[in-house]
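Have a look at the sequence and the model, and keep both open while you read.

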Amino acid sequence: MKRGRLLVISGPSGVGKTTAVTGVRKANPEMYFSVSATTRAMRPTDEEGVTYRFKTREEFLKLVDEGYFYEHAEYSGNLYGTPKTPVEEHLAAGEDVILDIEVQGGLQVKAQTPEAILIFLVAPSWGELERRLRSRGDTSEEDIQKRLKQARWEYTQAEQYDYIVVSEAPPECVVERINTILSAEGYRTRRNMNLLNLEESL
Ligand code: 5GP
């Protein structure tokens, strides 16, 4: 059986990553979305076990020691990690897996699984990213500057990603771009070696 494809979506805060990931999942309902563990505080929109599995720092670090995570990283003072076993099981069962993770985690995935498909979302321009962050209205100037600094660093790392996708309205357009990448990845030679078997293909 063909292994599933491992898709990593990263991008700075405010770029529209959550909307893009939600759209990709809707367009590919058979895809497995990996629910991360985190030490960050729950937000009103969060649901335990659906958006994240919420852990204390102590619990999280114990899981790190036990080798529970496929990748993990600290972001904005909180720990985030992808549980290893479900990702491996779904890939082995031939199902595609999508990870919504930040850049340090994305690069850990690439180091362990070179065939993973890493997509970095960017805003149409730097000014537009800043405008999007400000338009949320619920973020202090200090926080905006912090996120912009973080985004600047993320942009410097993004050249190690496989694809850069511009996140512009409407969201369907971003989803379509990501689906185009997924389709092309499906035609990779290494994924279709069975078709080169002279005895079986003709
Ligand atoms: P938020 O706290 O806003 O939900 O997420 C903050 C950042 O952490 C986002 O960039 C998100 O993609 C990233 N993130 C979520 N889960 C994981 C994870 O399991 N591992 C890593 N490395 N980053 C994650």
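Here is a short tour, starting with how to read the model.

This is a predicted model, where local features need pLDDT of at least 70 and side-chain atom pairs count only at pLDDT 80 or more, while totals for chains, interfaces and linings use all residues. Residues are numbered from 1 along each chain as its sequence is written, and side-chain values use heavy atoms, with hydrogens and water left out.

**Helices that pack together**

Two packed helices are described by the angle between their axes and the distance between the axes. The names come from DSSP runs numbered from the N terminus (helices are H or I, at least four residues; strands are E, at least two). Axes are lines fitted to C-alpha atoms, for helices over the stretch in contact, and angles run from 0 to 180 degrees between N-to-C directions.

| Pair | Angle | Axis distance |
|---|---|---|
| α4 and α6 | about 20° | 10 Å |
| α1 and α7 | roughly 60° | within 9 Å |
| α5 and α6 | roughly 145° | within 10 Å |

Take α4 (residues 103–112) and α6 (residues 141–157), which pack at about 20°. That angle makes α4 roughly parallel to α6 (under 35 degrees counts as roughly parallel, over 145 as roughly antiparallel, 65 to 115 as roughly perpendicular and the rest as oblique). Their crossing is left-handed, meaning that the near helix is turned anticlockwise from the far one by less than a right angle; clockwise would be right-handed. Val103, Gln104 and Leu107 of α4 touch Trp153, Glu154 and Gln157 of α6, where contact means heavy atoms within 4.5 Å. Those residues split into three nonpolar, two polar and one charged. For these classes, Ala, Val, Leu, Ile, Met, Phe, Trp, Tyr, Cys and Pro count as nonpolar, Asp, Glu, Lys and Arg as charged, and the others, Gly among them, as polar.

Next, α1 and α7 cross at roughly 60°, and are therefore oblique to each other. Their crossing is right-handed. On the α1 side, the contact uses Thr19, Ala20, Gly23, Val24 and Ala27, and α7 brings Pro171, Val174, Val175, Ile178 and Asn179. What classes do the residues of this contact divide into? Seven are nonpolar, three are polar and none is charged.

Helix α5 (residues 126–135) also crosses α6, and this crossing is right-handed. Among the α5 residues that meet α6 are Trp126, Leu129 and Leu133. The contact has seven nonpolar, one polar and five charged residues.

**Pockets**

A pocket is an open set of points on a 1 Å grid over the protein atoms alone, where a 1.4 Å probe fits, with protein on both sides within 12 Å along at least five of seven lines; lining residues have an atom within 4 Å of a point. The largest pocket has a volume of about 1,300 Å³. Of its 39 lining residues, Lys17, Thr18, Arg40, Arg43 and Tyr52 lie nearest its centre. The lining includes ten nonpolar, 15 polar and 14 charged residues.

The second largest pocket has a volume of about 240 Å³. It is lined by 16 residues, and Arg3, Gly4, Glu115, Arg190 and Arg191 are the closest to its centre.

Ala169 and Pro170 are joined by a cis peptide bond, with omega about -5°. Pro170 sits in the loop between β9 (163–166) and α7 (171–186). Ser76, in the loop between β5 and β6, has a positive phi near 55° although Ser76 is a residue other than glycine.

Note on methods. Points joined across faces, edges and corners; volume = space filled by probe spheres on them.
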